[in-house]
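Please find below my notes on the model under review.

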Amino acid sequence: MAVLLLGPIAVALVGSVVGLFYLGVDRVLVARMQSRIGPPVAQPFRDVGKLMMKESIIPNGALRWLFQFAPILCVMGSVVLLLYIPLFGRPALFQGSGDAILVIYLLTIPSLALVAGGFASSSPYASVGAQREMVVMIGYEFPLSITVVSLAWRILQVTDANTFALSTMAQYPIWNLVGPPGFVGALLLLAALIAVTPGELGRIPFDIAEAETELAGGMLVEYSGRNLALFYLGNAIRGFAVLSLVVALFFPYGIGAAAGVSSAAAVAAIDAVFFLLKILVVMFVAVVLVRSAMARFKVNQASAFYLTAVTLVSLAGLLLLWVDTIL
C-alpha cells in the first residue's frame, strides 16, 4: 500500500528533476553545435521556479475551468506515463498493470491537454496551433503503433508470455531474436521510432503547433504564470518518458551484473547510470542532431512525412521481421 501511495509521488519528483535536467542538456548541446554559448543546464529549473511565482492570467472569453485544468492534465498524464515504463534499469512501478498498448494511449494525453488548453483560451493563434497539433499527432501515432505491434509480434514467436508488456520486451530484446533480415527490420523500426520522437515532443522540425514566428507561441500564447509552468514541466516529464520508452523497446540492457560487483546496490547504481547514458544518446540522435540541422516543417510536410515515409519504413521493418521468421 505504501508503494502505491508514495511510489507515484517519488516517480513524479524524479521525472520532473531528470526531465528538466535533460531539457537543459538539450539546450546546451544545441547551442554548442550552433557555435552559441547558450543557457546553463539549470535554466529550465530557474524558468519553472520563476513562472511559479508569477500570476496566472486568464483571458476574457476563455472557458475558465478547462483553461486551468489543461496544464494539470498535462502534468498528470506525463507522470502516469512514467509509472508504466521501466526506469533506471528497474521494472516499472505498475509492472503487470499495463502494457505497451496502454503506453501508446497515455502518450496522447499530454498532447490532448495542450489541444484542449489551446481551444479553451479563445485565441485564434492558439486555435490554429491546436489544429496543427492534432494533424501531426494523427500522423505519428500510426508508425508508432506499427513499431510496438511489430516488436510484440516477433517476441510472440518465442514465448507465450504477455508480449505487449514492457517487462517481457526487456527479457527478450529484439536484437537477440532475429537473423540478418530481422536485424535490418529492427533497425528500420528503430529509425521509425527515432523519427516519431521529435514529433511526439513537439521539437524542431515538428514544432509546428508552437511556431513563435507564425503563431506567437501557438497553444500556449495565452498561458502565463503557474499554468505555463505546469505545461513546461509536463512537457519536460513527457520528454523523459518518450526517451525512456525508446530505451525500453530497443535497448533494455544493463551492465551492472557484468561489471563484476557483488553488491546488489552497486549493480542497481551502475544500471541506473547506464540508463541515463542511454537516454542521453537517444536524445542526442533523435532530438539534438535534428534540431541543429533542420528548419521547421510545414504542417502538410509533417503529415506527409509521417503518414507516408515513416509509415512505409515501419511497415518495411515489420515485413522483414516476418521474412526472418520463415527463413
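In which helix does Asn-235 lie? Asn-235 belongs to α9, which spans residues 225–250; helices (H or I, at least four residues) are DSSP runs numbered from the N terminus.

1. Basis of the notes. This is a predicted model, in which local features need pLDDT of at least 70 and side-chain atom pairs count only at pLDDT 80 or more, while totals for chains, interfaces and linings use all residues. Residues are numbered from 1 along each chain as its sequence is written, and side-chain values use heavy atoms, with hydrogens and water left out.

2. Surroundings of Asn-235. With a relative accessible area of 23%, Asn-235 is partly exposed, a class that falls between buried (under 20%) and exposed (over 50%), for a 1.4 Å probe and protein chains only. Leaving aside neighbours within four places in sequence, Asn-235 is in contact with Cys-74 and Leu-114, contact being heavy atoms within 4.5 Å. The C-alpha atoms of Asn-235 and Ser-111 are separated by 9.1 Å, although the two residues are 124 apart along the chain.

3. Helix α3. Cys-74, a contact of Asn-235, is one of the buried residues of α3, which also include Leu-66, Phe-67, Val-75 and Leu-82. Helix α3 (residues 64–83) has 20 residues and reaches 30 Å from its first C-alpha to its last, close to the 28 Å expected at 1.5 Å a residue; the expected span is 1.5 Å times one less than the number of residues. A kink of about 30° lies at Ala-70, shortly before Pro-71, the bend being the angle between axes fitted to the seven residues ending there and the seven starting there. Ala-70 and Pro-71 are both buried.

4. Largest cavity. The structure holds 2 cavities of 30 Å³ or more; a cavity is a set of points on a 1 Å grid over the protein atoms alone where a 1.4 Å probe fits but cannot get out, and lining residues have an atom within 4 Å of a point. About 90 Å³ of space lies in the largest cavity, a volume being the space filled by probe spheres set on the points, which are joined across faces, edges and corners. Of its 13 lining residues, Leu-23, Arg-203, Gly-239, Leu-243 and Met-283 lie nearest the centre. Helices α1 (2–33), α9 and α10 each give two or more residues to this lining, and α9 gives the most, with 5 residues.

Key:
On a 1 Å grid over the protein atoms alone, a cavity is a set of points where a 1.4 Å probe fits but cannot get out, and a pocket is an open set with protein on both sides within 12 Å along at least five of seven lines; lining residues have an atom within 4 Å of a point.
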